Amino acid sequence: MGLDEFFVTGEPLIYAGMVAITLVSGAIIFLLTYFKKWKWLWREWLTTVDHKRIGIMYILSALAMLFRAGSDALMMRTQLAFPDMNFLNAQHYNEIFTTHGTIMIFFMAMPFLIGLMNIVVPQQIGARDFAFPYLNALSFWSFFFGAMLFNVSFVIGGAPDAGWTSYTPLAGDIMSQGPGQNFYLLALQLSGIGTLATGINLMVTILKMRAPGMTLFKMPIFTWSTFITMFIIVFAFPILTIALALMTIDRIFGSHFFTLAGEGLPMMWANLFWMWGHPEVYIVILPAFGIFSEVIATFARKRLFGYTVMVWSIILIAGLSFLVWVHHFFTMGAGAFVNSIFSVTTMAIAIPTGVKIFNWLATLYKSRIRTTTAMMWALAFIPSFTIGGITGVMLGMAAADYQFHNSYFLIAHFHYVLIAGTVFGCFAGLVYWYPKMFGHKLNERIGKWAFWLFVIGFHICFLPQYFLGLDGMPRRVFHIVPEWFNLNVISTIGAFGMGLGFAVFVYNIYYSYRYSEREQTGDPWDGRTLEWATPTPVPEYNFAVVPHVKEHDAYWDMKQKGETIYDESKVEPIHMPNSTGQPFIMSAIMFFASFALVFEWIWLAVAGLVTILVTMGIRSFDYDEGRHIDVEEIKQTERSARGL
Amino acid sequence: MRHTRKHLSKGLVFILIGLILLLSGCSELTVLDPKGPVAESQRDLILYSLIFLLGVVAVVFSLFIFMVVKYRDKPNRKAEYKPDLHGNRTIEIIWTIIPIMIVTSLSIPTITTLFDLEEPPESSAEQEPLVIHATTADWKWFFSYPEQGIETVNYLHIPTDRGIEFHLSSADSMTALWIPALGGQKYNMAGMENILYLQADETGVFQGRNSNFNGEGFAEQTFKVHAESSSDFQDWVESTQNSAPELTQEKYDSLLKPELVDTMAFSSTHLEWVDHGTKDGMDYSIERHRDAFAEQLELKNGQNHEHGPSGEEGEE
Ligand code: HEM
Ligand SMILES: [Cu+2]
């Protein structure tokens, strides 16, 4: 393979991308060297096993990915703005919508939520870290390198172009030749390892590490939604792992699981993909539900209405999410009977979802609403998500779905649920927990600008798409026809509004870092749950003394009774894990092995695999028992953090 | 308070006017403006569901606005504040039952429509439906009329007021036949056959397309549907039978190559030697054009809104 095949050539936008990547990496290397920060980077971040730092790295990566996939989106919307637009050709458009969708789901939504869980869940349950901190670091780095692997594809080798759903036979070795689709398969496989590990890790953490007194039904609702989500992950992700592996074997070693030749079963891919894929959409919405519940209860200054019902509806939704996957291909011709069953199960999901909406509304009833930025994101979610939900029900009516399927109506639906649900949720959560993470609030005034730009842009962008769908505009076309012009140009304007909103949001991070007042109390919002009981900055061990939980909304309860969680006389030495570079190094090796496999350099990939096995062997002889933080050090930390 | 109420009612008027404008515009949207019984039954189902669902939207939005306006924390607010209110059995049961009722009301017509769509349209039950095999290959459509012994590429003629029984399959990638004015889609897949019933009640030219993404030429894989009276249709069939060339296997094989082609007509069908809807025909195209799939079309957007296959229809 010559260099000209290795690098993607001939496309001005991609050259610009290469230049940008070179400049940015150059600048980062220069700055790190100039300010002598390499050691700091390695010691404090790359080798950390602290859940709070890992969470921050997750969120930073997710924001970067939101930027990348958002740029993809703006390019697509530019191309679709006018009927004669010739900004992207067909091939390039196909690559861009594929990377857009894949990155948004795998490398933006999930890591963003997992990042918030990392930071918040141990603190909400009164724990000092995850059950398996080392594994947590490994999860992060495998996600990170998976994301990197996926992102290099557009300059090296060529981006995948078969859609984020990658249906076979299109995505097979004949109709998608070259390394592009391999990037998809291996990048998802690599980051999927991390997701599955997080699933087990958080499940065990929540089961085994809750503070004394916190029974399951006294857990904060975000912890509950995380807990259930982890069950979905543990049951759904293995399906994806296997499906990806089968397609990889098809493409690289010539088997016939999903091919046309050799009587493969191409539709089996669609089944496997959605047996994972539908639960996946609930993996990214349930944690957002949890965030909204926390934010709404806090800023309405009221207990969450119907806590028990909220929990049970999450559980019910999670269970149902495994029974509806066929609604993604009602049009496959499975017959009226099969479609009827899956129509009913699909619509049934709307019942617990509707109940949740009413519970949120009832939480607002006789409350005292503070319209902070975090609360605004949560409030905007309620009506917007309702639109997404009812159009979901329309799609669930299989006979009508024959008309909606593959059209912009579908595109509008899932953006209404994913953006108004997941993305608003991520933003609400980030703004809400930001003081816990960085010791200062985000500026409220700029935050509201970002909010209004983004939310109004969102509706302008996606509401017209329902009508485009009804007018017969299919998804994934790289140009429009004149009949669809008006609504498309409106939609594009909205998209740029969202882009602007995001830019303001990011600017706010910089502005607040420079100018926001530093946090003193650790409880800036008058919070209800235990994460607000820790001081700011949060010490690495979180809780000097493990709290005892008596009531639901534990910290609120303590504040009412005038109790505090810190009692100097009860401090004991705390056992903490040591930092280690192994997760980073192991994931880097996996990255290189996967990269070799993408280009089908088999022997290099085998060498990589062997190295991974060796590092796993080394790890299993690792007798590092961690260390103890002694009482004096804890007292000092607490005194300075609490201003005692 | 009075002030906000005034705002609210003003807002409501705006919303109402907006809705009326919207709905009158909607009747021009292809899917809501059906030209045959199948699309009509789907349109009816959609409108029926909208009654319930817009009701849900109205309730949720009103409650939402009420809560946010009334319970906002502001100086000298009078509304009641009950921080520990956290449940009410009755109301929770009510708002569980209402969604259950809505879902039930939507399920029943969905299921009956689903079963109806598996049969030829009732309005033309006295006639046998016309059988057309619709086969896709990257990125074109073959319409074979086995009874008439003719085949067209990238355009379709159908008689009105008669059910059409499409036999869907594909020579390579998975596609979907979608004619929004006549009704919803179904997939074309290699190695299997799907049946889709559609019917036109009005004459006219409708847009048809592949709606399922299948690679570079996807956006151009469209065709025009000419719905005409049965005597016009008969004339068209006869003139095609008489004037169009025969489809040879050699010609057909070359047409399977992944690329864009213009409209064509033939006085015989490819079904004589291959049916891609069977396991035997599943890899027919792949075997012949394996390497051609690697080639790129370098497809750009056309100028002056020119898209899709062109050509004097019926002529090669
Ligand atoms: C009330 C609950 C919901 C119902 C009844 C529902 C129903 C559906 C149906 C029937 C489809 C398939 C339509 C088609 O392909 O023709 C669909 C697609 C989709 N839904 Fe939903 N949905 C609901 C909520 C959600 C949520 C909460 C999310 C994610 C946060 C979501 C994300 C998606 C995505 C990503 C797709 C399409 C993916 C693709 O084809 O690329 N949905 N939904
Ligand atoms: Cu789904």
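In strand β5 of chain B, the side chains of B:I164, B:F166, B:L168 and B:S170 point one way, those of B:E165, B:H167 and B:S169 point the other way, and all of these residues are buried. Buried means under 20% relative accessible area, exposed means over 50%, and partly exposed lies in between (1.4 Å probe, protein chains only). In a regular strand, side chains alternate between the two faces of the sheet. β5(B) covers residues 164-170 and is mostly covered, with seven of its seven residues buried.

The model is predicted: local features need pLDDT of at least 70, side-chain atom pairs count only at pLDDT 80 or more, and totals for chains, interfaces and linings use all residues; side-chain values use heavy atoms, without hydrogens and water. Residues are numbered from 1 along each chain as its sequence is written, while chains are lettered from A and ligands numbered from 1 in the order in which they are written.

**The six-stranded sheet**

β5(B) belongs to an open sheet of six strands in the order β8-β5-β1-β2-β3-β11 (chain B), with mixed pairing. At the edges stand β8 (194-198) and β11 (264-266) of chain B, each with a single partner strand, so one side of each has no neighbour in the sheet. From one strand to the next, the twist averages 20 degrees. Helices (H or I, at least four residues) and strands (E, at least two) are DSSP runs, numbered from the N terminus. Two strands pair if DSSP finds at least two bridges between them.

| Strand pair | Sense | Bridges | Residues opposite each other |
|---|---|---|---|
| β1(B) and β5(B) | parallel | seven bridges | B:T136 and B:S170 |
| β4(B) and β10(B) | parallel | five bridges | B:P159 and B:E228 |

**The five-stranded sheet**

Another open sheet, of five strands, has the order β4-β10-β9-β6-β7 (chain B), also with mixed pairing. Its edge strands are β4 (155-159) and β7 (183-188) of chain B, each of which pairs on one side only. Here the twist averages 25 degrees from one strand to the next. Helix α4 (residues 230-243) of chain B packs on this sheet, touching β4 and β10 of chain B, and its direction makes about 135 degrees with that of β4(B). Axes are lines fitted to C-alpha atoms, for helices over the stretch in contact, and angles run from 0 to 180 degrees between N-to-C directions. Contact means heavy atoms within 4.5 Å.

**Chain B as a whole**

Chain B has six helices and 11 strands, and 50% of its 316 residues count as buried. Among its contacts between residues at least 6 apart in sequence, 71% join residues at least 24 apart.

**Helix α12 of chain A**

Helix α12 (residues 373-396) of chain A has 24 residues, which at 1.5 Å a residue should span 34 Å; its end C-alpha atoms are 34 Å apart, which agrees. The expected span is 1.5 Å times one less than the number of residues. α12(A) bends by about 30 degrees at A:I382, and a proline, A:P383, follows within four residues. The bend is the angle between axes fitted to the seven residues ending at a residue and the seven starting there. Of the 24 residues of α12(A), 23 are buried, so this helix is largely enclosed by the rest of the structure.
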